[in-house]
Amino acid sequence: MKIETKDYTGFSAQKLLNDDFFIWSHKEKTPETENFWKELLHSGQLAPEEYKQACFILEVFNIKQRQIPSSKKEELWKRIVESNRRYKQKVRRIRISLFIAAAACLLIPLLLNKINVYHQDTIDKSLLRLSQTEVTLQGDEIQLILPKQAITIEGTTSNICHDSKGHITVNSEQLQESASSKEENYNQLIVPNGKRSTLAFEDGTRMWVNAGSRVIYPNKFKKERREIFVDGEVYMEVARDEKCPFIVKTSTMDIRVLGTAFNVTAYKKDVQSSVVLASGSVSVKADTEEVKLVPNEMFSHSKHNGVHVKKVVVSDYTSWKDGIYIYHSEPLSSILNRISRYYGKEICYPPSIATFKCSGKLNLLEDLDSLLEGLTHTVPVNYTKTDEKYTFEERK
């Protein structure tokens, strides 16, 4: 059967993933369809990188169509041919439901939103593609997504450990399936608001993952480099290996280390990202600036204010992992937003109190009502609770 398709010139990966024929032809491959795509790539009409990225997403997330009965395939071909003749006009598209088989508990929109990732020529391509794919939790439990299964971890905290043999232990219970594989693949740890986790890698590196964070990491580190992606806040103690640097990628920063302890705050939704160095040394790059930090220094970056480095008290930025929140002359809005994320509860406040400057210490191991009550003794505010929503107002 002769293949006639619409013009794919200049198609992006996102457009390919929303194209009926692209999905169909890769799920039910034939010599004709394979030759079609090869010729299209060879002619230069379709960018190889966009095509490879679309194929990668299709394979990694196991995107499937509804099964098409044989009796309907001829009809599908006719509709494709018809769309070819009228591709410059608006035509009704064949709607195909997509779903994620490898992680049915997640909804992963195939919107390849471009994020500002530096050194894209050096970052592992598979890691880059996953970092560009938005993930939305269905539910409010911690999720560990492995190449062959997705695990829901109940409770406020979790402890995940990868050993040198490829085994994974979750809260002292070893998973039945080994993570060891000759194929290079990636795991994802997703910690929703109100939850926290620790993560130990096979090289001895340890990580504390704060609420509302996502970490993407390989099932086995490469010999020449250890590379992960972070969206959120983590504190890390990196095992030293001079022959194999550890690289932390975020949406705005590159952090390169050999062996050190540091805190990274890099939520995509936040205006500012930062790195605070506790020991050792790290090199941080954002925009076109690269800075080498020494202990007790903080690197901060924002779109509006650029890059800044200053001396800080490290414990003020790392004590969250021990259940303590320390703040000095910080806007009340920042404090309430952080508490909201940590406890996973909605907190509202008017602009009139957002700029109140506050200094103090909060015990994050307390229940939220007790913590907020204590906060009202240091700031002239009151709050009311309706269902699970907390609303603040200025105390008259």
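Reader: Take buried as under 20% relative accessible area, exposed as over 50% and partly exposed as in between (1.4 Å probe, protein chains only). What share of the residues in the protein is buried?

Author: Buried residues are 47% of the 396. This is a predicted model, where local features need pLDDT of at least 70 and side-chain atom pairs count only at pLDDT 80 or more, while totals for chains, interfaces and linings use all residues. Residues are numbered from 1 along each chain as its sequence is written, and side-chain values use heavy atoms, with hydrogens and water left out.

Reader: How many helices and strands?

Author: Ten helices and 25 strands. Both are DSSP runs numbered from the N terminus, helices being H or I with at least four residues and strands E with at least two.

Reader: Take H8. Which of its residues are buried?

Author: Leu332, Ser333, Ile335, Leu336, Ile339, Ser340, Tyr342 and Tyr343.

Reader: What span should H8 have, and what are its ends doing?

Author: Its twelve residues should span 16 Å at 1.5 Å a residue, and the end C-alpha atoms are 16 Å apart, so the two agree. The expected span is 1.5 Å times one less than the number of residues.

Reader: How do H8 and H10 cross?

Author: The axes of H8 (332–343) and H10 (368–375) come within 12 Å and cross at roughly 170°. Axes are lines fitted to C-alpha atoms, for helices over the stretch in contact, with angles from 0 to 180 degrees between N-to-C directions. The pair is therefore roughly antiparallel, a label for angles over 145 degrees.

Reader: Which residues make that contact?

Author: Leu332, Leu336, Ile339 and Tyr343 of H8, with Leu368, Leu371, Leu372 and Leu375 of H10. Contact means heavy atoms within 4.5 Å. By class there are eight nonpolar residues, no polar and no charged; Ala, Val, Leu, Ile, Met, Phe, Trp, Tyr, Cys and Pro count as nonpolar, Asp, Glu, Lys and Arg as charged, and the others, Gly among them, as polar.

Reader: What comes just after H8?

Author: Glycine 344, with a positive phi of about 70°. Lysine 345 is in the loop between H8 and strand S22 (346–348).

Reader: What does lysine 345 touch?

Author: Neighbours within four places in sequence aside, lysine 345 is in contact with Ser340, Leu368, Glu388 and Tyr390. Its C-alpha atom is 6.7 Å from that of glutamate 388, 43 residues away along the chain. At 29% relative accessibility, lysine 345 is partly exposed.

Reader: Cysteine 244: buried or exposed?

Author: Cysteine 244 counts as buried, at 3% relative accessibility. Cysteine 161 is partly exposed at 33%.

Definitions and conventions:
Angles under 35 degrees count as roughly parallel, over 145 as roughly antiparallel, 65 to 115 as roughly perpendicular and the rest as oblique.
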